[in-house]
Amino acid sequence: MISARDLSKRFGEKEVLRDVDVEVARGGFLLVTGRNGSGKSTLLRLFAGLLAPSDGELAVEVERHAVGYVGHEPLVYRELTSVENLELYGRLYRVPERRERIGMLLERYGLWDARHERVSTYSRGMQQRLALCRALLHDPELLLLDEPFAGLDREGATLLDGELGELVATRTFVVASHQPERLERFATAGLALA
Amino acid sequence: MTSYLSDVAVLARKDLLLELRSRDTVPAMLLFVVSALVVFHFALPSETAESDLAASGLLWVAILFTALLGLTRAFVAEREQGLIDALVLAPCDRSAIWLAKTVSVVCFLLVAEAFALPAFALFFSPVDGVTVAAVLLSNLGIAAVGSLLSAIAAASRTRELLLPLLFLPLAIPIVVGGVGASVAEEPGRFLGFLGLYDGIFAIISWASFEYVVTE
Amino acid sequence: MSTSLRNRPGPALAVAAAVLLVGAIALAFYWVPDDADQGFSQRIFYIHVPLAITAYACFFWAAWKALRLLWKADERYDLESYTAVHMGVMFGILTLVTGSIWARISWGVWWSWSERQLVLFLVLFLFYSAYFMLRYSVDPGPRRARMSAVYALFGVVLIPVSFLAIRLAEDFIHPVVFTQRGPQMAGSMFVVFCLSFAGCLALAGALYQTELAGKRLDVRLRELRRALA
């Protein structure tokens, strides 16, 4: 599904990724590791199509509507409620049975009670959970998760673990983490960035 | 086509809802436009203020700079919270983002002008139907070009500094059209020119927005 | 992205530019008859108008390269578009300066709002100066290349729109109208004009190639440094 050869990315003079070779098969789970600043986020953004490579080749055989992305920012509008945010994305992604799906996700991630409050009132952990809801809302084939456990409390982490366990068989994952121990059991491939 | 328009509607509704919640931009625009008009009164010797020509020029200066104020805020949420990523990732046409933003900017301008025009009539000289028509017509051009340039400026390091520099040369024809319509005996030509400007720049803004927000 | 040696500026253009311009200036001063209306001062026309047209040509060339960049997504065109804008601005400044000198000699003022060309160039100068501000405030990369390209395209659309606006504006700005200078040229005048025009284009071409080659060398050097690191 993803195929990268000699993939490099520079920002001005600063080289962030150099000659990365990796393949992710459909249904696979690529675990990207490396210390801070090694380019994990940049790699995920390249896979998502948010950045263009400086050099090398990158092929991602999936369309935009089938990609779910969790980045460093939760990517939700702070002045809207979680329901309004998910409604927005639900409409943009043409999610079928939108209301039901939103309700189901909010409940599963423990956000149901706070659903009519503005995201600016949420804790970091709640915002991260909402980000996961957002990424999962349209049932994507490819999930690109950048430090998905960041900010989650134990309950949230358990929820995410469960979600990953359920989906890992049928979806393709690329997950970046600088604490990979949790995720090693899911991984079918690994990429360590310098 | 309908899905495109519904994307635009969803995004525009989002922008308007955000403004209603935060009430950041429009009140500032209102206060700014009235303040600017008051400054103009003090800035001009009394004889010139009587003249229609100078007065209508001032109206357009006030509107342009108020628009700049609003446009600077146009992509602020997207920029500060990284949300432009989310919109670019979405399967919608990127030009729909531009169109939605243009629609919301036009709405903000309309609210600002609803205050500016009466204030102008009060402080300087009465406003006739042609002037109102010119102001309404110019909104599209200002919003269309401004939304595109605002996205460019949001991606730069200098942001609020860059937008006026990019915008003002492009706004000169709008001022010509607007002031001309107000003072000329035959305003038709100037109104037509404004329409031409709107059409041309709306089309190229619409077509090129994709290239501005993606890599 | 590689640059080949064929991008080194051919000396032919530079030589041609030198010959044509020197020849045109000499002819403009010594051979061509005085203009009926304006006398000797009108001779600036032979350099002012070709400079203006060359500047337009540079901006259109920049827009063409910009279009190619957006079409082909090949960053090579970014340098070409940028260099063309640079040339256009330089020739634009020369146009403004020669126009100002002409206004001073002819009518005693350094600036005249009634001169449509000058006003248009002023607007374009502001616009393309903002182009450089844009480039300096965005980090180098494909994003900057695309934004610059879009802006360069807006520029050429602005040229006719501004021209129309300036013409319309004359209705209500009520400028003090100086003598109209018509384009009726006697045969010899036309020849010198063409020579001067060709010379300006050649000069623009030579400078363009030189600057482009320099920039490409820069890029190549950086690539090599990176490869060695």
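Reader: I'm looking at chain C. Which residues in H3(C) and H6(C) meet each other?

Author: Keep in mind that this is a predicted model. In H3(C), look for C:Leu79, C:Glu80, C:Thr83, C:Ala84, C:His86, C:Met87 and C:Phe91; in H6(C), they meet C:Ala204, C:Leu207, C:Tyr208, C:Glu211, C:Leu212, C:Lys215 and C:Arg216. Sort that contact by class and you get 8 nonpolar, 2 polar and 4 charged residues.

Reader: Okay, and at roughly what angle do the axes of H3(C) and H6(C) cross?

Author: General idea to begin with: a pair of packed helices is described by the angle between the two axes and how far apart the axes are. Now the case here. Helix H3 of chain C spans residues 76-107 and helix H6 of chain C spans residues 187-228; their axes come within 10 Å and cross at roughly 135°. Angles over 145 degrees would count as roughly antiparallel and 65 to 115 as roughly perpendicular, with what is left over called oblique, and H3(C) and H6(C) are therefore oblique to each other.

Reader: Is the crossing of H3(C) and H6(C) right-handed or left-handed?

Author: That crossing is right-handed.

Reader: Let me try H2(C) with H6(C). How do their axes cross, and within what distance do they come?

Author: Read it the same way. Helix H2 of chain C covers residues 45-72, and its axis comes within 9 Å of the axis of H6(C), crossing at roughly 40°. Under 35 degrees would count as roughly parallel, so H2(C) and H6(C) are oblique to each other. The crossing is right-handed.

Reader: Which residues make the contact of H2(C) and H6(C)?

Author: From H2(C), C:Tyr46, C:Ile47, C:Pro50, C:Leu51, C:Ile53, C:Thr54, C:Ala57 and C:Cys58; from H6(C), C:Val192, C:Phe193, C:Ser196, C:Phe197, C:Cys200, C:Leu201 and C:Ala204. By class, that contact has 13 nonpolar residues, 2 polar ones and no charged ones.

Reader: On to sheets. What is the order of the strands in the open sheet of chain A?

Author: The general idea is that strands in a sheet pair through backbone hydrogen bonds, in either a parallel or an antiparallel way. In chain A, the open sheet has 3 strands in the order S2-S1-S4, and the pairing is antiparallel. Strand S2 (14-24) and strand S4 (55-60) stand at the edges with a single partner strand each, so one side of each has no neighbour in the sheet. From one strand to the next, the twist averages 25°.

Reader: Over how many bridges do S1 and S2(A) pair?

Author: Strand S1 of chain A, residues 2-11, pairs with S2(A) over 7 bridges in the antiparallel sense.

Reader: Last one: how many residues do chain B and chain C bring to their contact?

Author: Chain B brings 28 residues and chain C brings 26. On chain B's side, helix H9 (162-183) and helix H10 (188-213) each supply at least two residues, and H9(B) gives the most, with 11. By class, that side has 21 nonpolar, 4 polar and 3 charged residues.

Conventions:
Residues are numbered from 1 along each chain as its sequence is written. Chains are lettered from A and ligands numbered from 1 in the order in which they are written. This is a predicted model: local features need pLDDT of at least 70, side-chain atom pairs count only at pLDDT 80 or more; totals for chains, interfaces and linings use all residues. Axes are lines fitted to C-alpha atoms, for helices over the stretch in contact, and angles run from 0 to 180 degrees between N-to-C directions. Helices (H or I, at least four residues) and strands (E, at least two) are DSSP runs, numbered from the N terminus. A crossing is left-handed if the near helix is turned anticlockwise from the far one by less than a right angle, and right-handed if clockwise. Two residues are in contact if their C-beta atoms, placed from the backbone, lie within 7 Å. Ala, Val, Leu, Ile, Met, Phe, Trp, Tyr, Cys and Pro count as nonpolar, Asp, Glu, Lys and Arg as charged, and the others, Gly among them, as polar. Two strands pair if DSSP finds at least two bridges between them.
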